Protein chains: 2
Amino acid sequence: MTQRRFIRACRRETVDRIPVWLMRQAGRYMREYRELKERAGGFWGLCNQPEAVAEATLFAQKWLGTDAAIIFSDITLPAWAMGLPLEFNPGPRFPTPVRSANDARALANFDPNQKLGFVMEGIRKTRAGLPNDVSLIGFVGAPLTLASYMIEGTPGRTWNELKKLAYGDPDTLHLVLARVAEAVSAHAVAQVQAGCDALQLFDTTAGELAAAELHTFAFAYARRVIEAVKKTGVPVIYFARNVSAHLEAAADLGADVLGVDWGISMTAARKRVGERVALMGNLDPSALFCSPDVVGQRTTAILEEMRGAPGFVFNLGHGILPETPPENARHLVRTVQAWKPSS
Amino acid sequence: MTQRRFIRACRRETVDRIPVWLMRQAGRYMREYRELKERAGGFWGLCNQPEAVAEATLFAQKWLGTDAAIIFSDITLPAWAMGLPLEFNPGPRFPTPVRSANDARALANFDPNQKLGFVMEGIRKTRAGLPNDVSLIGFVGAPLTLASYMIEGTPGRTWNELKKLAYGDPDTLHLVLARVAEAVSAHAVAQVQAGCDALQLFDTTAGELAAAELHTFAFAYARRVIEAVKKTGVPVIYFARNVSAHLEAAADLGADVLGVDWGISMTAARKRVGERVALMGNLDPSALFCSPDVVGQRTTAILEEMRGAPGFVFNLGHGILPETPPENARHLVRTVQAWKPSS
């Protein structure tokens with residue numbers, strides 16, 4: 001297998017050009033995705049049928065022409081695999097949220113290759129269908145982020161239930177996070193063993209916590225998963241939202257690549273973290289609602305900031321938004337791929 | 001008039017104890033507020049009747065026992081005063097949002113003492129009803145934040161309309177912001193002239209923009225308002241959300257006090273900005289959903305961080321949340337007021 005440019009960039013090796021992919025690139029902004037979901041019987045059907053998983057993942061990669069595909073799945077699956085009832089109507093909801101030590105102890109161990117075998121089968125089918133020079137990324141929610149959904153039940157805007165534990169009952173939250181970190185690690189490692197070339201942790205809730213708890217509950221448990229996945233030898237990407245005041249600490253978690261949101265410039269991010277990690281980012285997903293010209297200009301501006309230096313993967317600063325014009329997403333990808341550093 | 005401890009803290013002068021107030025302290029978490037709003041005929045009735053404005057403001061200050069009151073009002077009022085139709089159902093909505101240069105030019109000049117005379121009358125009544133040692137804070141939305149509501153019409157979670165201008169049509173956004181900054185400055189100065197002892201700018205949307213645009217569109221226009229208000233001689237507070245990666249720049253806008261959210265510790269904030277401004281913050285509003293003991297512990301932890309040094313005002317890191325138990329808010333205030341630095 002040839003060394004792929006996405007993997008080379010993750011390892012801060014020189015590349016022929018900057019690799020690009022988009023968080024949530026296989027998603028509801030695409031008509032074909034919506035049709036596929038309809039045929040699969042809804043979101044859950046799309047997640048648990050390997051053929052559908054592969055089709056969603058492959059279609060988006062091919063249509064956009066990205067250097068990597070991310071497996072179509074959902075961060076809530078390991079919670080369901082631990083025995084926590086999960087509903088989709090249409091967003092994920094846990095009708096019996098985890099709020100106590102007993103709730104945490106009731107979470108079952110599971111073998112991801114059994115209970116989430118449909119994900120692994122989807123990965124094998126996808127890998128078999130991808131061009132050799134395109135990387136396949138597996139993913140999990142970081143422990144804090146998955147736990148925050150399990151604790152809230154229905155995600156809110158204030159995360160009060162999570163914070164009642166974080167601030168008022170830290171022992172219980174540690175218990176939940178230890179279980180979740182174990183489950184998520186096993187799920188992540190199984191994805192790599194099934195054929196993923198890299199693994200991303202999404203830690204979108206991390207930045208909701210007060211600074212001290214961000215370190216104790218988000219970063220500390222993300223590190224456990226990163227360490228588990230690192231042993232498989234594939235690059236690991238850590239992405240959190242609204243933590244740019246803590247970028248140095250995020251860069252020290254052991255991940256190969258740090259995802260950066262648009263609240264900080266790539267130049268400033270690089271200056272802050274130095275050369276210890278590769279960086280990924282950071283176009284505001286809302287920029288894709290502008291004209292194609294503006295999409296091209298803003299994409300180019302980020303590329304110029306990074307000047308083609310090694311250790312950079314182009315991406316959005318968060319997942320692509322539902323109403324995004326698909327043509328603009330493709331224009332972004334083509335702009336990155338056509339770009340040459342101005343001399 | 002005696003020099004009030006809140007004002008002394010804003011000026012980084014020594015104080016007998018740390019002053020405390022809560023953003024949105026007169027709000028819907030209180031039963032008495034909800035009853036008053038009902039009697040006033042809804043939110044708009046509460047904003048435009050000076051008696052009701054004073055009653056809402058005074059009741060909350062007295063019940064909580066805070067060192068400052070913030071006038072009950074809404075950041076959208078200057079937009080309405082510029083002639084932009086405004087509805088409340090129940091949140092504010094602009095049915096004809098500002099999206100073009102012509103829309104910006106159609107915004108009318110106004111005399112805040114005429115068009116928003118009810119605010120000034122509310123301020124006079126409130127000031128007359130407040131104890132002498134309690135400060136009265138006036139407020140405005142910072143230009144970017146008010147403009148973002150005027151541009152979106154209905155606030156969303158992605159601010160795509162704002163960003164279409166910020167990224168794709170900056171000239172139009174500059175035109176809107178110049179008009180809004182002028183209106184907001186006039187409204188802020190009139191509030192001081194009516195009797196406010198300090199003035200706060202709320203810039204809650206600032207942190208939604210990409211880093212470059214945060215400086216160009218949020219900070220640059222906030223500075224204009226700060227400069228206008230500074231000429232009146234009262235202290236100015238600047239509060240933005242999710243800008244902790246840019247704290248130094250926020251501290252350089254000319255405000256006397258910088259509001260800090262809970263995404264960064266007060267210790268780190270002080271270290272980053274040095275002694276050039278007073279700081280205000282930063283308890284996570286969700287902490288008020290914990291037990292009174294936990295509220296007390298977390299409040300004390302922040303006080304210990306600041307060690308009673310001058311130039312600190314205790315507050316939440318954002319507005320108090322609607323479902324907050326009022327007793328916990330009062331317990332926070334009492335904890336601050338009873339605290340003595342441990343030796």
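Start by selecting A:Ala245. Of the residues of chain A, A:Ala245 comes closest to the rotation axis, with its C-alpha at 2.3 Å. Bear in mind that this is a predicted model.

**Both chains.** Now show chains A and B together. Turning by 180 degrees, with 0.0 Å of shift along the axis, superposes chain A on chain B at an RMSD of 0.0 Å. The two copies are thus related as by a two-fold rotation axis. Next, colour the contact residues. The same surface serves both copies, since 100% of the contact residues of chain A recur in chain B.

**Charged pairs.** Move on to the charged side chains. Side chains of opposite charge can pair when their charged atoms come close. How many salt bridges are there over all chains? The count comes to 46. The stops below are in chain A.

**Stop one: A:Arg272 and A:Glu248.** Select both residues and show their side chains. They form a salt bridge, and the closest N and O atoms are 2.6 Å apart. Which helices does the pair tie together? A:Arg272 lies in helix α14 (residues 266-273) of chain A, and A:Glu248 lies in helix α13 (residues 247-251) of chain A, so the bridge joins parts that are 24 residues apart in sequence. A:Arg272 is partly exposed, at 26% relative accessible area. A:Glu248 is also partly exposed, at 28%.

**Stop two: A:Arg93 and A:Glu87.** Select this pair next. Their side chains meet in a salt bridge, 3.0 Å from N to O. Buried, exposed or partly exposed: what is A:Arg93? With 28% relative accessibility, A:Arg93 counts as partly exposed. A:Glu87 is partly exposed too, with a relative accessible area of 32%.

A:Arg31 has a relative accessible area of 46%. The cut-off for exposed is over 50%, so A:Arg31 counts as partly exposed. A:Glu32 is partly exposed as well, at 28% relative accessibility.

**Last stop: a network.** Select A:Arg5, A:Asp16, A:Arg17 and A:Asp67 together. Which kind of link joins these four residues? A:Arg5, A:Asp16, A:Arg17 and A:Asp67 are linked in a network of salt bridges. Show the four side chains at once to view the network.

Conventions: Residues are numbered from 1 along each chain as its sequence is written. Chains are lettered from A and ligands numbered from 1 in the order in which they are written. This is a predicted model: local features need pLDDT of at least 70, side-chain atom pairs count only at pLDDT 80 or more; totals for chains, interfaces and linings use all residues. Side-chain values use heavy atoms; hydrogens and water are left out. Buried means under 20% relative accessible area, exposed over 50%, partly exposed in between (1.4 Å probe, protein chains only). Helices (H or I, at least four residues) and strands (E, at least two) are DSSP runs, numbered from the N terminus. Copies are superposed by least squares on the C-alpha atoms of residues with pLDDT of at least 70 in both. Contact means heavy atoms within 4.5 Å.
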